[in-house]
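Subject: Handover of a structure, with notes

Dear colleague,

I am passing on the structure below, together with some notes on what was found in it. Please read them with the structure open beside you.

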Amino acid sequence: MTLPDIPDKNPHSFHSWLTAGKRTWPYEKRFVWSILGWALFFSGCMYVLRNDLVSNPYNWIVAILPLLVGIAPVRAYLVFMQQADEMIRKIQIEALVASFTVGLCYGIARTLFEAAGMAPASAGDTLVIMLFTLGFAQFYGAWKYR
Amino acid sequence: MKNRLKVLRAEHEMSQAALADKLEVSRQTVNAIETEKYDPSLPLAFRIARLFNQPIEAIFVDVDS
């Protein structure tokens, strides 16, 4: 049986399938802004520390500050997950699993390759790879169920 | 699990977004259930049944049974 296709008043745009829906959008927006704000703050603190703009012991305070400010995006993400519906939660959980698995595999492979003679890689690489995978998996999940 | 959600939605002339609004879920959820990529939770299945005023088993059919 062929069913009539009933169009939405607002056609599905790139934005409409990438975001979690009208009800969850404010929480998603809050998370995105808080993570961007944190990234900016982290970059600022890193600049201060790398250029020795503060002396000991204040450099330790500058090093600790991004960790404390980091509570804001974590909390925003938790609230977003609590408010999201079951499909959005499924997409997020699948993305987190993919990110963790890729990060773990990369970490293990890196250790083995370094033992085999590969030049040592930066420890920060694992974090970057995990975050990149998380973003990609979220994008893929939103596309899959669009 | 097979379901008649798309048929019911078409009978009620509702868009996916309108149905999602009524069920308080995202449009992706409605689409994923209709395309049978995802089986809804029991509370959501009850909400769908209440909305269309039909028993759950008239909307969702377990193909294994």
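To begin with one residue, is A:Lys90 buried, partly exposed or exposed? A:Lys90 is partly exposed, with a relative accessible area of 24%, where buried means under 20%, exposed over 50% and partly exposed in between (1.4 Å probe, protein chains only).

Before the rest, a word on conventions. This is a predicted model, in which local features need pLDDT of at least 70 and side-chain atom pairs count only at pLDDT 80 or more, while totals for chains, interfaces and linings use all residues. Residues are numbered from 1 along each chain as its sequence is written, chains are lettered from A and ligands numbered from 1 in the order in which they are written, and side-chain values use heavy atoms, with hydrogens and water left out.

Salt bridges

Over all chains, the structure holds 5 salt bridges, each being a side-chain nitrogen of Lys or Arg within 4 Å of a carboxyl oxygen of Asp or Glu. One of them joins the side chains of A:Lys90 and A:Glu94, at 3.2 Å from N to O. These two residues are separated by about one helical turn, because they stand 4 residues apart in helix 5 (residues 86–116) of chain A; helices here are DSSP runs of H or I with at least four residues, strands are runs of E with at least two, and both are numbered from the N terminus.

A:Glu94, which is partly exposed at 32%, also meets A:Lys144 in a salt bridge of 3.9 Å, N to O. Because A:Glu94 lies in helix 5 and A:Lys144 in helix 6 (residues 124–144) of chain A, this pair ties together parts that are 50 residues apart in sequence. A:Lys144 is likewise partly exposed, with a relative accessible area of 26%.

In chain B, the side chains of B:Lys2 and B:Glu36 form a salt bridge at 3.6 Å, N to O. This pair links distant parts of the chain, since B:Lys2 is in strand 1 (residues 2–3) and B:Glu36 in the loop between helix 3 (27–34) and helix 4, 34 residues away. Returning to chain A, salt bridges that share partners join A:Lys90, A:Glu94 and A:Lys144 into one network.

Strand 1 of chain B

B:Asn3 is also found in strand 1 of chain B, and at 16% relative accessibility B:Asn3 counts as buried. Its side chain reaches the backbone nitrogen of B:Leu5 at 3.0 Å and the backbone oxygen of B:Ile33 at 2.7 Å.

Backbone features

A cis peptide bond, with omega about 10°, joins A:Asn56 and A:Pro57, and A:Pro57 is found in the loop between helix 2 (25–50) and helix 3 (58–69) of chain A. A:Asp52 is found in the loop between helix 2 and helix 3 of chain A, and has a phi near 50°, a positive value in a residue other than glycine; at 63% relative accessibility, A:Asp52 counts as exposed. B:Glu36, too, has a positive phi, near 60°, and counts as partly exposed at 33% relative accessibility.

Technical notes:
A polar contact is a pair of N or O atoms within 3.5 Å; within protein, one must be able to donate a hydrogen and the other to accept it, and residues adjacent in sequence count only if both atoms are side-chain atoms.
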